[in-house]
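Subject: The structure, and what turned up in it

Hi,

Here is the structure I promised to pass on. Have a look at it first, and then read on for my notes.

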Amino acid sequence: QYSKALASYINYKIEITELILNLGLRHEHIKGHRDDYGKSDVERLGTNLSSRKITINSLIPGFGLLYKINRSSSTFIGIHKGFSPPGDKPETNPEKSLNYEIGFRTKSIKLNGEIVGYISDYSNLLGSDLAATGGSGTNELYNAGKAIVKGIEISINYNLSSSDKLQIPIYINYTLTDATFKENFESSFDAWGGEIMKGYKIPYISKHQLNLGINLKSNNISFDVNYSFKSNLRTKPGIEMNNIKELIKSFGIINTALNYNINN
């Protein structure tokens with residue numbers, strides 16, 4: 001199995017006082033080929049050879065607009081087309097989406113912060129046959145229909161210390177994700193159970209994800225404490241989120257680390 005790809009892009013930036021406009025256009029040309037000799041032809045003689053080829057061409061535009069409110073803060077919006085290649089199965093289509101974002105960002109000596117709202121509207125979502133997600137582990141890609149993923153991301157980092165010799169940054173990152181299918185279809189992926197209905201949740205995506213921690217660093221020693229949390233997530237498409245077997249319950253993980261530099 002092999003592929004040949006050519007990717008090219010052009011980007012143009014326009015700056016007008018406090019406004020920065022980024023325009024971009026990318027092109028992907030991909031040829032994929034696979035020869036399957038079967039399980040019995042161990043000498044690769046081609047007695048039961050099955051071959052398949054696929055050619056993909058995709059034009060991918062995008063733009064971003066940033067406005068500088070002052071020296072430390074800015075707001076931005078972006079609209080970008082999304083693309084992911086489908087592998088070499090002729091019946092598998094490329095993953096395509098339209099992605100929208102709007103956000104605010106601030107940066108100073110002690111505080112860095114960002115909040116972003118986003119929507120990813122998939123005209124075709126790609127799934128992967130991974131053992132980690134209940135599949136057989138072939139890594140084959142398959143069509144997963146229309147879907148929409150939307151949410152909010154918040155990131156804050158603040159240094160509690162005013163001393164150059166001691167750094168005490170605290171940070172918190174939170175992501176709200178609502179990921180659902182937009183149409184009824186029959187999935188070719190057995191681990192998903194076949195029939196998918198509009199409004200079903202996409203598997204293995206938590207609605208709430210939280211990461212927070214604190215770091216103390218002075219001279220040669222540093223100490224970190226970190227906590228990460230994920231809310232309930234489904235292992236198969238569906239709506240119900242309580243008291244079902246296709247569920248991984250919410251969980252949190254605490255990590256601590258102590259580091260000491262003996263010398264340079």
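Which residue forms a salt bridge with Glu114? The partner is Arg105, and the closest N and O atoms are 2.6 Å apart. A salt bridge here is a side-chain nitrogen of Lys or Arg within 4 Å of a carboxyl oxygen of Asp or Glu.

Two points on the background before I go further. This is a predicted model, where local features need pLDDT of at least 70 and side-chain atom pairs count only at pLDDT 80 or more, while totals for chains, interfaces and linings use all residues. Residues are numbered from 1 along each chain as its sequence is written, and side-chain values use heavy atoms, with hydrogens and water left out.

Salt bridges

The count comes to five salt bridges by this rule. For burial, I call a residue buried under 20% relative accessible area, exposed over 50%, and partly exposed in between (1.4 Å probe, protein chains only). Glu114 is partly exposed because its relative accessibility is 29%, and Arg105, at 33%, is partly exposed too. Another of the bridges joins the side chains of Arg26 and Glu28, at 2.9 Å from N to O. Arg26 counts as partly exposed, with a relative accessible area of 32%, whereas Glu28 is buried at 12%. Arg34 and Asp36 also meet in a salt bridge, at 3.7 Å from N to O; Asp36 is partly exposed, at 32% relative accessibility.

The nonpolar patch

Ten names to look for on the surface: Tyr12, Ile14, Ile16, Leu19, Leu23, Tyr67, Ile69, Phe104, Ile115 and Ile152 form a nonpolar patch, with about 870 Å² of accessible area together. (Patch residues have over 30% relative accessible area and no salt bridge, and nonpolar side chains, meaning Val, Leu, Ile, Met, Phe, Trp and Tyr, are joined within 5 Å. Areas come from the Shrake-Rupley method with a 1.4 Å probe.) Strands E1 (2-16) and E2 (19-36) each supply at least two residues of the patch, and E1 gives the most, with three. Strands are DSSP runs of at least two residues, numbered from the N terminus. Phe104 sits in strand E5, residues 95-107, and is partly exposed at 34%.

Most residues other than glycine have a negative phi. Thr17, in the loop between E1 and E2, has a positive phi near 50°, and Thr17 is exposed, at 72%. Tyr204 also has a positive phi, near 60°. Tyr204 lies in the loop between strand E13 (195-196) and strand E14 (208-218) and is partly exposed, at 31%.

An aromatic pair

The structure holds one aromatic pair (ring centres within 6.5 Å). Phe181 and Phe185 form this pair, 5.7 Å centre to centre with 65° between the planes, so the pair is edge-to-face, the class for planes over 60 degrees apart. Both Phe181 and Phe185 are buried.

A pocket

The second largest pocket holds about 240 Å³ of space. Its lining has 16 residues, and those nearest its centre are Leu126, Gly127, Ser128, Trp192 and Ile202. Strand E7 (residues 126-128) gives the most to this lining, with three residues. (A pocket is an open set of points on a 1 Å grid where a 1.4 Å probe fits, with protein on both sides within 12 Å along at least five of seven lines; lining residues have an atom within 4 Å of a point.)

Best wishes

Terms used:
Patches are made of residues with over 30% relative accessible area and no salt bridge: like charges are joined within 9 Å, nonpolar side chains (Val, Leu, Ile, Met, Phe, Trp, Tyr) within 5 Å. Helices (H or I, at least four residues) and strands (E, at least two) are DSSP runs, numbered from the N terminus. Rings of Phe, Tyr and Trp (its six-membered ring) pair if their centres lie within 6.5 Å; planes under 30 degrees apart count as stacked, over 60 as edge-to-face and the rest as tilted. Grid points are joined across faces, edges and corners, and a volume is the space filled by probe spheres set on the points.
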